[in-house]
Amino acid sequence: GDGGADLIVGAPRADTAAGNDSGATYVVYGPVDPGGIDLADADVTLNGTAPADRAGWSVASAGDVDGDGADDVLVGAPLNDDNGSYAGAAYLVHGGSWLDGATSLAEANATLYGGEGDRAGWAVSNTSALPENASGVLVGAPTDNDGGFGAGAVFLVPADDLDGNVSLESEADAKLVGAGLGDHAGSSVAAAGDVDDDGVDDVLVG
């Protein structure tokens, strides 16, 4: 919240107190020293919650979801099993002066869970592709099976619903389903800006 850009780095194979390959995400406050920095000295470390979760597989700025003037952080953990085998999860952590040092993602402000086998959190992004360009997040789930085995999907969740435990399947405002068997749509996602110049931002899905 100091007006300068910061850096988010994912380390999905990091071994933390939660176990091997639980993963970690580092936030380095800018400006970054051009001589380099050891991520052990990062300003913020967000640690995965369980062995083999691979938290930090994907990371992104969420924008200022809670409107406090500080941008927030998105972290994907596609092998998280809390909602079923390889269901996956994405975590939203609010920024601000409280965010300092090492924190477990168990303390995240919102945890977005995929369904059995979805690998939700493989890709994450902020977005404003909602009416009146309201803010929200995109969560890719490349092994979701609604469009056929492994067709994949992307969930769009508005900022108003980003609190506590969130089921992507039942609480997302939109689900973009892969076009065919094995497409793995949602392997990458991004905000596209306003491509068609209609005043509402658009979405990219890989």
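**Strands, pocket and a glycine**

Mentor: This is a predicted model. Strands S2 (residues 24-28) and S3 (residues 44-47) run antiparallel and are joined by four bridges.

Trainee: Which residue is the bridge partner of threonine 25 in S3?

Mentor: Leucine 46 is its partner.

Trainee: And what is the strand order of the open sheet?

Mentor: The order is S1-S2-S3-S7, four strands with mixed pairing. S1 (7-11) and S7 (101-104) are at the edges with a single partner strand each, so one side of each has no neighbour in the sheet. On average, neighbouring strands in this sheet are turned by 20° against each other, direction ignored.

Trainee: Switching to pockets. How much space lies in the largest pocket?

Mentor: About 440 Å³. Its lining has 20 residues, and those nearest the centre are Gly1, Gly4, Asp6, Tyr29 and Asp71. S1 and strand S5 (72-77) are the elements that give two or more residues to that lining.

Trainee: How do the lining residues divide into nonpolar, polar and charged?

Mentor: Eight are nonpolar, eight polar and four charged.

Trainee: Next, where does glycine 147 lie?

Mentor: In the loop between strand S10 (136-141) and strand S11 (153-158).

Trainee: What does glycine 147 touch, leaving out residues up to four places away in sequence?

Mentor: Val177, Gly178, Gly180 and Leu181. Aspartate 163, by contrast, is 16 residues from glycine 147 in sequence and 28 Å away in space, C-alpha to C-alpha.

Terms used. Residues are numbered from 1 along each chain as its sequence is written. This is a predicted model: local features need pLDDT of at least 70, side-chain atom pairs count only at pLDDT 80 or more; totals for chains, interfaces and linings use all residues. Side-chain values use heavy atoms; hydrogens and water are left out. Two strands pair if DSSP finds at least two bridges between them. Axes are lines fitted to C-alpha atoms, for helices over the stretch in contact, and angles run from 0 to 180 degrees between N-to-C directions. On a 1 Å grid over the protein atoms alone, a cavity is a set of points where a 1.4 Å probe fits but cannot get out, and a pocket is an open set with protein on both sides within 12 Å along at least five of seven lines; lining residues have an atom within 4 Å of a point. Grid points are joined across faces, edges and corners, and a volume is the space filled by probe spheres set on the points. Ala, Val, Leu, Ile, Met, Phe, Trp, Tyr, Cys and Pro count as nonpolar, Asp, Glu, Lys and Arg as charged, and the others, Gly among them, as polar. Contact means heavy atoms within 4.5 Å.
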